Amino acid sequence: MPSDFAATPELILLPAVDVADGKAVRLTQGEAGSETDYGDPIEAALDWAHQGAQWVHLVDLDAAFGRGSNAAILRKVIRQLKGVQVELSGGIRDDASLEAALESGAARINLGTAALENPEWAADVIRRYGDAIAVGLDVRGTTLAARGWTREGGDLWTVLARLEDAGCSRYVVTDVTKDGTLRGPNLDLLRQLTERTPKPIVASGGVSSLDDIAALRELVPLGVEGAIIGKALYAGEFTLAEALDVARN
């Protein structure tokens with residue numbers, strides 16, 4: 001008998017390009033100083049595009065940590081990625097940085113710390129820009145991590161309820177304890193979130209194998225729309241083409 005699974009919508013994969021000091025890097029558990037250098041971010045992004053990526057998750061780590069900006073190189077990356085949509089994240093905390101991010105050509109902006117520290121501003125941005133705004137929920141247990149994951153940002157469920165009231169259209173959910181560790185995604189956390197919001201969720205952190213992608217795809221009917229993949233790709237655990245095959249079939 002044909003499986004119902006074949007009729008499940010595909011899991012959208014967003015290979016990550018995290019940029020620090022002009023280079024593509026990966027962190028372990030989001031910690032500054034844990035960077036592994038992977039070279040030119042434009043080459044990294046174009047490699048994902050050539051392998052079939054529909055989206056790229058582009059992060060300015062220096063802006064996220066409040067220690068500088070890679071805005072010029074991020075704009076170059078976005079310009080080079082013709083036909084690929086970009087979700088942009090890192091250091092977007094006020095109208096000026098938000099407008100610069102939107103003008104860069106990114107299809108979607110991911111608000112992080114700002115959505116926790118300045119909820120009125122975040123609600124206004126969500127109201128003005130709708131589907132172009134996602135909110136990143138970086139979680140340890142059920143406590144949110146803020147400001148480059150160095151501070152606590154409140155209770156996950158309290159903040160989620162506030163963002164739901166504001167009309168947030170999408171959440172990017174990272175288990176900080178798993179990010180960059182290749183220890184598998186936090187499927188239980190994702191299931192709990194799908195029970196509390198009808199909005200699409202993009203999972204981030206811990207994807208280490210094609211089996212992890214298959215497990216995330218099983219959550220698509222519940223509301224997990226996509227998954228950000230970083231270290232596993234850079235470490236050669238599998239290729240993006242292989243991952244896309246699992247995500248679609």
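In which strand is the place of D138? D138 sits in strand 7, which covers residues 133-140. The model discussed here is predicted. The protein has 11 helices and 12 strands, and 51% of its 249 residues are buried. Of the contacts between residues at least 6 apart in sequence, 69% join residues at least 24 apart.

**Annotated positions**

- The UniProt record, an unreviewed entry, lists D18 and D138 under "active site".
- D18 is in strand 1, made of residues 12-20.
- D18 has a relative accessibility of 9% and therefore counts as buried, the limit for that class being under 20%.
- Leaving out residues up to four places away in sequence, D18 touches K23, A24, V25, R26, V59 and L61.
- D138, the other residue listed in the UniProt entry, belongs to strand 7.
- With a relative accessibility of 17%, D138 also falls under the 20% limit and so counts as buried.

**Strand 1, strand 2 and the loop between them**

- D21 lies in the loop that links strand 1 to strand 2, the latter being residues 23-26.
- The phi angle of D21 is near 50°, which is a positive value in a residue other than glycine.
- D21 has a relative accessible area of 64% and is therefore exposed, since exposed means over 50%.
- R26 is placed in strand 2 and is one of the residues that D18 touches.
- R26 has a relative accessible area of 6%, so this residue is buried.
- R26 is 205 residues from K231 in sequence, while their C-alpha atoms are 6.5 Å apart in space.

**Q80 in helix 3**

- Q80 is located in helix 3, which runs over residues 71-80.
- The relative accessibility of Q80 is 42%, so Q80 counts as partly exposed, a class that lies between the 20% and 50% limits.
- Apart from its neighbours within four places in sequence, Q80 is in contact with I42 and L46.
- Q80 and I42 are 38 residues apart along the chain, and 7.4 Å separates their C-alpha atoms.

**Helix packing**

Two packed helices are described by the angle between their axes and by the distance between those axes.

*Helix 4 with helix 6*

- Helix 4 (residues 95-103) and helix 6 (residues 119-129) have axes that come within 12 Å and cross at roughly 30°.
- Because angles under 35 degrees count as roughly parallel, helix 4 is roughly parallel to helix 6.
- The crossing in which helix 4 passes helix 6 is right-handed.
- On the helix 4 side the contact is made by D95, L98, E99 and L102, and on the helix 6 side by W121, V125, R128 and Y129.
- Five nonpolar and three charged residues form this contact of helix 4 with helix 6, with no polar residues.

*Helix 7 with helix 8*

- Helix 7 (residues 156-166) packs with helix 8 (residues 187-196) at an angle of about 40°, and their axes are 11 Å apart.
- Helix 7 passes helix 8 in a crossing that is right-handed.
- Helix 7 contributes L156, W157, L160 and E164 to the contact, and helix 8 contributes L189, Q192, L193 and R196.
- By class, the contact of helix 7 with helix 8 holds five nonpolar residues, one polar residue and two charged residues.

*Helix 9 with helix 11*

- The axes of helix 9 (residues 210-217) and helix 11 (residues 240-248) come within 9 Å, crossing at roughly 30°.
- That angle makes helix 9 roughly parallel to helix 11.
- Helix 9 and helix 11 cross in a right-handed way.
- L210, I213, A214 and R217 from helix 9 meet E242, A243, V246, A247 and R248 from helix 11.
- The contact of helix 9 with helix 11 consists of six nonpolar and three charged residues, and no polar ones.

Notes: Residues are numbered from 1 along each chain as its sequence is written. This is a predicted model: local features need pLDDT of at least 70, side-chain atom pairs count only at pLDDT 80 or more; totals for chains, interfaces and linings use all residues. Side-chain values use heavy atoms; hydrogens and water are left out. Axes are lines fitted to C-alpha atoms, for helices over the stretch in contact, and angles run from 0 to 180 degrees between N-to-C directions. Helices (H or I, at least four residues) and strands (E, at least two) are DSSP runs, numbered from the N terminus. Angles under 35 degrees count as roughly parallel, over 145 as roughly antiparallel, 65 to 115 as roughly perpendicular and the rest as oblique. A crossing is left-handed if the near helix is turned anticlockwise from the far one by less than a right angle, and right-handed if clockwise. Contact means heavy atoms within 4.5 Å. Ala, Val, Leu, Ile, Met, Phe, Trp, Tyr, Cys and Pro count as nonpolar, Asp, Glu, Lys and Arg as charged, and the others, Gly among them, as polar. UniProt positions are given in the numbering used here, feature names are shortened, and annotations may be inferred rather than shown by experiment. Buried means under 20% relative accessible area, exposed over 50%, partly exposed in between (1.4 Å probe, protein chains only).
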